[in-house]
Amino acid sequence: MSLPFNSLVDATQDTLAHTRYNMVEQQIRPWNVSDNTVLKVLHSLRREDFVPPAHYQKAFMDIEIPLRDDAFAIERGHCMLAPKIDARMANDLQLQPHERVLEIGTGSGYMAALLSRLCQDVTTLEIDPELAETARENLATAECHNVTVRVADGSQDSLSDSPFDAIVLSGSVAQIPEKLLAHLKDGGRLIAIVGDLPMMRVTIVRKQGGQLTTTTPWDTVAPRLQGFADKSKFVF
């Protein structure tokens, strides 16, 4: 005898909730993600709704997920970062409910959704129009009404709605883009994955009283954000 449709739906949702719980408790929490508010959001936010249907089964895996049907999608930065990377970056920003956040590299919208549950509002920039539209749809489904998705090159945009309390680069850069630091409020901070393979460093820049301080609390790797230049090289 088959189960009624509603029972099947409930069973599926229970399985997803359990798998999401395991992702948070087994992958993310051990990665020094200790902020209870961040953890609560991770337990409730449906990461699976931000994953392309072809990769739905990978939603909770500790891997990067391509956002295009393209063998080079991850290499080109068209991907979701591993869950623990997004979670640790959000954890380390220590966002407050009244703060405004800029994200560069929207992707599918998952990081923007996570940030939106932690602050007042999020502006997120995506260089690829198709990905930006997908992110808008995903964020609407997740009822993230305090997120604005803009099609823009984060390395060139004038950011007329700055300054921000926090800036998040959802991908790697060769070096901190200095022009972005001008768009931080006093007391603000920027977080980015900086460097080159085989190892990069998460870098947090804090602005306080006109002074900038930099810390590099952990190492990881991530695909490059589109539009950001590599380090200048001297030619003799």
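Predicted model: local features only at pLDDT ≥ 70, side-chain atom pairs only at ≥ 80, totals over all residues.

Modeller: A word on names first: helices (H or I, at least four residues) and strands (E, at least two) are DSSP runs, numbered from the N terminus.
Colleague: OK, back to Glu143. Is Glu143 buried or exposed?
Modeller: Glu143 is exposed, with a relative accessible area of 57%. For these words, buried means under 20% relative accessible area, exposed over 50%, and partly exposed in between (1.4 Å probe, protein chains only). The phi of Glu143 is positive, near 60°, although Glu143 is not a glycine.
Colleague: Where is Gln94, and what is its phi?
Modeller: Gln94 sits in the loop between α3 (83-93) and β3. Gln94 is a non-glycine residue with a positive phi of about 50°, and Gln94 is exposed at 51% relative accessible area.
Colleague: Switching to helices: which residues of α2 are buried?
Modeller: In helix α2 (residues 36-44), the buried ones are Val38, Leu39, Val41 and Leu42. They sit on the same side of α2 because they cover an arc of only 160° around the axis; the arc is that of the directions from the helix axis to the C-beta atoms.
Colleague: Why do residues three or four places apart point the same way in an α-helix?
Modeller: An α-helix has 3.6 residues a turn, so residues three or four places apart point the same way.
Colleague: And which residues are exposed on the other side of α2?
Modeller: Those are Asn36, Lys40 and Ser44.
Colleague: New topic! How many salt bridges does the structure hold?
Modeller: There are 17, a salt bridge being a side-chain nitrogen of Lys or Arg within 4 Å of a carboxyl oxygen of Asp or Glu. One of them pairs Asp128 with Arg68, with the closest N and O atoms 2.5 Å apart. Asp128 lies in the loop between β4 (121-126) and α5 (129-141) and Arg68 in the loop between β1 (65-66) and β2 (79-80), so the pair ties together parts that are 60 residues apart in sequence.
Colleague: Is Asp128 buried or exposed?
Modeller: Asp128 is buried, at 14% relative accessible area. The side chain of Asp128 also reaches the backbone nitrogen of Leu131 at 2.9 Å.
Colleague: Which residues make up the salt-bridge network?
Modeller: Arg20, Arg46, Glu48 and Asp49 are linked in that network. Within this group, the side chains of Glu48 and Arg46 meet at 3.3 Å, N to O. Glu48 counts as buried at 1% relative accessibility, whereas Arg46 is partly exposed at 27%.
Colleague: Last one: where are the cis peptide bonds you mentioned wanting to show me?
Modeller: One runs from Ser162 to Pro163, with omega near 10°, and Pro163 lies in the loop between β5 (147-151) and β6 (164-173). Another joins Leu197 and Pro198, with omega about 15°; Pro198 is in the loop between β7 (184-196) and β8.

Technical notes:
Residues numbered from 1 in each chain as written. Heavy atoms only, no water. Polar contact = N/O pair within 3.5 Å; in protein donor to acceptor, adjacent residues only side chain to side chain.
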